[in-house]
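Please have the sequence and the structure open side by side while reading.

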Amino acid sequence: MWRRLSRSQKLLATAASATGVGGAYLFYAESQRTRQRHAQYMATLNGLPVAHAESLQAHAGVVETDIKPHDFWAPPSRQEMLNKLKGLDKDGQKAKEHEEFDLLIVGGGATGAGVALDATTRGLKVALVERDDFASGTSSRSTKLVHGGVRYLQKAIQELDYEQYKLVVEALHERKIFLDIAPYLSHQLPIMLPVYKWWQVPYYWIGCKMYDWFAGREALESSYVLTRSKALEAFPMLKKDELVGALVYYDGQHNDARMNVALALTAVNHGATMANHCEVKSLTKDESGNVNGAVLCDVFTGDEWTVKAKGVINATGPFTDGLRKMDDKENAEIVAPSAGVHIILPNYYSPGNMGLLDPATSDGRVIFFLPWQGNTIAGTTDSPTEVTHNPLPKEEEIQWILNEVEHYLSPDVKVRRGDVLAAWSGIRPLVRDPNATKTEALVRNHMIHVSENKLLTIAGGKWTTYRAMAQETVDRAIQEFDLKPTYPECRTEVIRLIGSHAYSNTMFIKLIQHFGMETEVAQHLANSYGDRAWAVGTMADATHQRWPVFGKRLSPQYPYIEAEVRYAVRREYAETVVDVIARRTRIAFLNAQAALESLPRVIEIMSDELKWSKERQKKEFDDAVEFLTTMGLPSSSSQIVYPVTKDHHPAGAPIENAKSHDAVFSRARFLPDELKEFQSVFSELDHDKDGHLKAEDLPKVFSRLGVPVKEDVLDAAIKALDNTSDSSVEFSEFLEIMSQVKDIEIRRHLTNEKGGKVSLERSGGGV
């Protein structure tokens, strides 16, 4: 009967079963199977009869399948990990017993770390190596969403595409697991779809409700409709003109790089051998020509050695084809890299508890506008690109995002290039579809491929489905490499990540009470480290102030504290400054200028921990500045010389020789002296003292200020003011024009257009 149905009938039948009685039965059956698997696992661990374990589970509602590490648990050092890879004991002596690894995983991103956790919790002997750092690539440069994909749902319905539908349903299932196993790193986020035409209300409502229904019992909060007034109350920055109302649906949001680090640490806690900054130089093969290991190299020392494994898994994301070429130069490329640019704006661009989705931008792409880590993230773009280690965001992509954001915001909110605090580009490893003509048409699904020489590759996918991808990969590896796991079933649905066991939404209060920390700092630690925040707190130095008692900030603008640097080195395998500012803390992603200003203190702390030489300190500084240029920092900052100052550099203090002489990057805020000068010149030219200047007098003002401004730039600034009442300008409007002039000049400079230079000092730290 099923074979006789048309494609559309199959889709409708599937949707009906997912949302109706059939769906309820499927969810019930799946939950029963999961419950049984949990019981079997616990029976194995505890030596209990399965029936007794199931009985306990029935009474308790859940069976604990993982054990909470104690508060001060420290993983083996990186050197101990390298020793294990070399077949040595922790002291560097040849181990008495050394068996080859079951699996060698190459790539420490979300997929690789997920595979390592899945495999090691099944009892396999697992090793993972990463050329750079955990989450150093795409896994730290995402949109930070844990979502089913409303865009994929739309395509599934419009194109009657069953594969897209399956992708959405799988992702919605994984979304729930994601939020359960890492509650401190992920949370629900309401996302608004503004409606400007009445006919869109039922269209969006049906779409949002289907999104809820497809999630079934694992749905988050239910979507709902907002009236025009309620929409503006929830999102005051929204453009009011022609606004009808809004739909609000829920998805998940997370801290991607810290989630990746938590995955790696959890795998280590369960017995995996993990080493970052360890590169694969070549693959080794047995007599039959099958891949059976790799030649590894410690990036810092250059030391090389060979590791043997029953199977090698390629989980290198955008660099997938590079490892496949190591296996066989004739291997065809299977990844179509796509660049996604994001920008970070100040927090006043969005409310702290509501995101926004533009489902139909000027060129048909989707853009998100979300609160994240105290700032606002906007993106993303989607364009073909080349694979590079630290891709640069293109200025035209940044401008496109700003233009799209401007369409949805009130005219009172001036969207300026100088407001961009950070910008980055991430490379998505999309699976290549030979029939696709546009990058947007590529399905972000995953593909598992085994080469003729037995190199297993997992490619594609997205953050939300990392766990399901890992499960499929390990299942395939067991089959391909004839592995004998202790526990054949996947356990990662219920294994909570390190930091989750004793976490609660109110634990930050105890951090405040016990350590005398600022509320913002305590909340940040709880939401970044979970129950590991206690260990971070014990490493904090006293401030020698009445309040806060502990917790010296790296930057006065952000809640990151110096103790996090020490914790990252001692407990989280941070080996470089970039590891700390980009992936253990997220300051580089939130504000490139603030990250630059924190470098001297970060280097000072890491030097104390790792005993760096002066030469290594300088190299770390130079490498960090180079990295920050890929995060939106002006390229002129690469000319900064370390050490920045002879004396101790206070955390967050401006770096004097870090100013850009090529352009002014300002958040349209003026220094007190500038304001006094503006007011003096304005008053001088206000001959009748009525508080107004004629528009034709503005060139005189700029001339008196010594600011050369081209006529077209000034006309554009006045036009942006939208002052149609008369030709006069008040002082507040004059300040607005000054800001517009600065922003236009910034945009011209960054797009390599010739224009006059505005000689105003940096005042806000935007890049």
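Which residues line the largest cavity? The model is predicted, and the answer is that the lining consists of Trp-73, Pro-75, Tyr-184, Arg-258, Ala-262, Leu-265, Ile-498, Tyr-529, Arg-532, Tyr-567, Arg-571 and Glu-572. The points below begin with this cavity and then turn to the aromatic rings.

**Cavities**

- Across the whole structure, a search finds four cavities of 30 Å³ or more, and the largest cavity has a volume of about 70 Å³.
- Two elements, helix H10 (256–269) and helix H17 (562–571), each give two or more residues to the lining of the largest cavity, and H10 gives the most, with three residues.
- By residue class, the lining of the largest cavity divides into eight nonpolar residues and four charged ones, with no polar residue.

**The pair of Tyr-165 and Phe-214**

- The structure holds 16 aromatic pairs, and in one of them the rings of Tyr-165 and Phe-214 have their centres 5.0 Å apart with their planes at 80°, so this pair is edge-to-face, given that planes over 60 degrees apart count as such.
- Because Tyr-165 lies in helix H7 (residues 162–181) and Phe-214 in helix H8 (residues 200–215), the pair ties together parts that are 49 residues apart in sequence.

- Tyr-224 and Tyr-250 form a tilted aromatic pair, with 6.5 Å from centre to centre and 50° between the planes.
- Tyr-224 lies in strand E5 (residues 224–227) and Tyr-250 in strand E6 (residues 245–254), so this pair ties together parts that are 26 residues apart in sequence.
- Tyr-224 is partly exposed, with a relative accessible area of 30%, whereas Tyr-250 is buried, with a relative accessible area of 15%.

**Lysines over ring faces**

- Lys-144 lies over the face of Trp-372, at 4.9 Å from the ring centre.
- Lys-239 is likewise placed over the face of an aromatic ring, that of Tyr-196, at 5.5 Å from the ring centre.

Terms used:
Residues are numbered from 1 along each chain as its sequence is written. This is a predicted model: local features need pLDDT of at least 70, side-chain atom pairs count only at pLDDT 80 or more; totals for chains, interfaces and linings use all residues. Side-chain values use heavy atoms; hydrogens and water are left out. Rings of Phe, Tyr and Trp (its six-membered ring) pair if their centres lie within 6.5 Å; planes under 30 degrees apart count as stacked, over 60 as edge-to-face and the rest as tilted. Helices (H or I, at least four residues) and strands (E, at least two) are DSSP runs, numbered from the N terminus. Buried means under 20% relative accessible area, exposed over 50%, partly exposed in between (1.4 Å probe, protein chains only). A charge sits over a ring if NZ of Lys or CZ of Arg is within 6 Å of the ring centre and within 35 degrees of the ring normal. On a 1 Å grid over the protein atoms alone, a cavity is a set of points where a 1.4 Å probe fits but cannot get out, and a pocket is an open set with protein on both sides within 12 Å along at least five of seven lines; lining residues have an atom within 4 Å of a point. Grid points are joined across faces, edges and corners, and a volume is the space filled by probe spheres set on the points. Ala, Val, Leu, Ile, Met, Phe, Trp, Tyr, Cys and Pro count as nonpolar, Asp, Glu, Lys and Arg as charged, and the others, Gly among them, as polar.
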